[in-house]
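Here is a friendly note to read alongside the structure. Have a look at the model below, then take the points in turn.

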Amino acid sequence: MTDTLESRPRRDRHRDRHRGRTRTAPIPLLVPALVGLAFLLLPLIALLVRAPWRSLPEQLTSAEVWEALRLSLLCATAATVLSLVVGVPLAWLLARTWFPGRGFVRALVTLPLVLPPVVGGVALLLAFGRNGVIGQWLDSWFGITLPFTTTGVVLAETFVAMPFLVISVEGTLRAADPRYEEAATTLGASRFTAFRRVTLPLIAPGIAAGAVLAWARALGEFGATITFAGNFPGRTQTMPLAVYLALQNDPAAAIALSLVLLAVSIAVLAALRDRWMTAS
Amino acid sequence: MTDLDGITTSVLTEGLDAHLVVDRATFRLDLALTAAPGEVVALLGPNGAGKTTALRALAGLTPLTSGHLRLDGTRLDAMPPESRPVGVVFQDYLLFPHLTALDNVAFGPRCRGANKAEARVQAAVWLDRMGLADHAGAKPRRLSGGQAQRVAVARALATGPRLLLLDEPLAALDARTRLEVRAQLRRHLSEFEAVAVLVTHDPLDAMVLADRLVVVEHGHVVQEGTPSHIARHPRTDYIARLVGLNLYRGRAEGHTVRLDAGPAITTTEELSGPAFVAFPPGAVTLYRDRPTGSSARNLWRCEVAGLETHGDQIRADLTGELPLTADLTTVAAAELDLHPGAPVWATVKATQTHAYPA
């Protein structure tokens, strides 16, 4: 394949790079494509058009906004760290070892990706709620209460965001050459040392991408958070919750908050552009 | 224990004493291997013969199904790879891409308990010995193939192994670099005081680098001995092709060896019983018409099956009464008007054949 490409004249190769691409598209494809694109873009444009630009500085400097933003960033970051601490080892286990029911475990890990977040929140309540399966013991033995606390927000966000990290890191691990670990082993490294000093640096880009993805997902988390942690300003009210609440009585504030989240999303895309935007 | 070609293997208290058995679904490796300290042994064989599996079993990366593995009298069978006093140079080196050459070499000493500074000092000594002091700070991707190979050797030696394993150590290099690196590797191997086992499918690498060859085919040892012995007395088609000889097996009666399938070959040696006959492709003379004045007793009617250039010569594959390979000059090939399908007569003088007991 490569040989035939190499041996062809340059002009032909140049054409190959654009193989299957034309400047004209048939109408039955072009029209729905443009409708689809417009559908994705219009709401964002509407957001920008209706934004209260004049009062924006004032909106964004209000104490409530800062509180919600601070809480959002704090919780999303904590959820990402928590996801890294347990998610990377989980990804390693799935990619590098074999145990009975591994496929089933893998499916379980990805379940929160497709599960409605509200259901996740209900499930978290049943597990860690004051009368939950584990929560009742946490409460009576250690006096720890998780629901409707900031920690509860972190847990809800971790539950929803961690699968993104695990899937991303597992994919990177599978693509990484396991023989580097073998080489480390022959040099006297235990499996853990090989993981720490060889595998981890090799898959760092995949971990970073997974972490950014998980962080973005955590930042936007709504359903599981409001179900498990409630909506208390300064304690559990994150940006998406604040947006939703503001929309009821102060639409201008809701738009301002939305603009902040939009800016964060664009920043995330920019951070990941080398990975996804260059798919062609 | 077996006795092959006069090399007696016995239980050694020093060096390597291994019987490697690895069972796979479609493949079984069953290979006895011994080596004395300071000896360089080459496992030579075609692709898929089980050479790399044997190497992985020695390193502990592939578990033994049965058999044993002793090094300097210590059993290694049950020892995990990280505890074995074994160094490995992998085929494509597997230098850690995120570490500098120095830190790659320091990795082993570090894992074996040295602190960071000590490990780096040791690594610097090894790089210097390999003539790579100037490249200590370079990442692997900035090293040439030959340099990367030397870093890999330094990395394997830096842990002070009692057994050094090299998997196709020169295969990843281009022809020019190969010549140079082969000579350097030979020097380093001859300085190495413990056992070295290298795996290769290249007979030249094996013969230049190793004191002893172990030829492996289908997971078994088919022949072992010194390079010169094996080159002169091949026992399988694979080795005969490797060393560039035509090889036949038959029964000898006096100066004649009657082949199992096909005609008889007249030789100068006097033998009786099962025997091999070998002769180089250059000993074959070809004629378009049956030669009349030739004194050669060995005359066969053949047909050209294929032609290829071989150095500055033409190598002709012949089928017919006796399948054989013949080397001739380009001029001779043109004069004979050789082409696939052309009928030819082939002769070999008895003095150019070599017969030995099978």
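**Notes on the model**

1. In chain B, strand 16 (residues 298-310) and strand 17 (residues 313-320) run antiparallel and are joined by 8 bridges. Strands here, like helices, are DSSP runs numbered from the N terminus, with at least two residues (E) for a strand and at least four (H or I) for a helix. Within this pair, B:Thr309 lies opposite B:Ile314 of strand 17 of chain B.

2. Before going on, please note that this is a predicted model, in which local features need pLDDT of at least 70 and side-chain atom pairs count only at pLDDT 80 or more, while totals for chains, interfaces and linings use all residues; side-chain values use heavy atoms, without hydrogens and water. Residues are numbered from 1 along each chain as its sequence is written, and chains are lettered from A, ligands numbered from 1, in the order in which they are written.

3. Which order do the strands of the sheet in chain B take? The open sheet has 5 strands in the order 15-19-16-17-18, with antiparallel pairing (two strands pair if DSSP finds at least two bridges between them). Strand 15 (284-287) and strand 18 (324-329) of chain B are at the edges with a single partner strand each, so one side of each has no neighbour in the sheet. From one strand to the next, the twist averages 45 degrees.

4. Chain B is assigned two stretches: domain 1 (16-237) and domain 2 (279-357), with bounds from an automatic or database domain assignment. Taken over C-alpha atoms, the centres of domain 1 and domain 2 of chain B are 41 Å apart.

5. Now to chain A, where helix 10 (residues 179-186) packs against helix 11 at about 150 degrees, their axes 9 Å apart. Axes are lines fitted to C-alpha atoms, for helices over the stretch in contact, and angles run from 0 to 180 degrees between N-to-C directions. Helix 10 of chain A is therefore roughly antiparallel to helix 11 of chain A (over 145 degrees counts as roughly antiparallel, under 35 as roughly parallel, 65 to 115 as roughly perpendicular and the rest as oblique).

6. Helix 11 (residues 191-202) of chain A also meets helix 2 (residues 101-111) of chain B: their axes come within 13 Å and cross at roughly 155 degrees. These two helices are therefore roughly antiparallel as well. In this contact (heavy atoms within 4.5 Å), A:Thr193, A:Arg197 and A:Val198 meet B:Phe107, B:Arg110 and B:Cys111.
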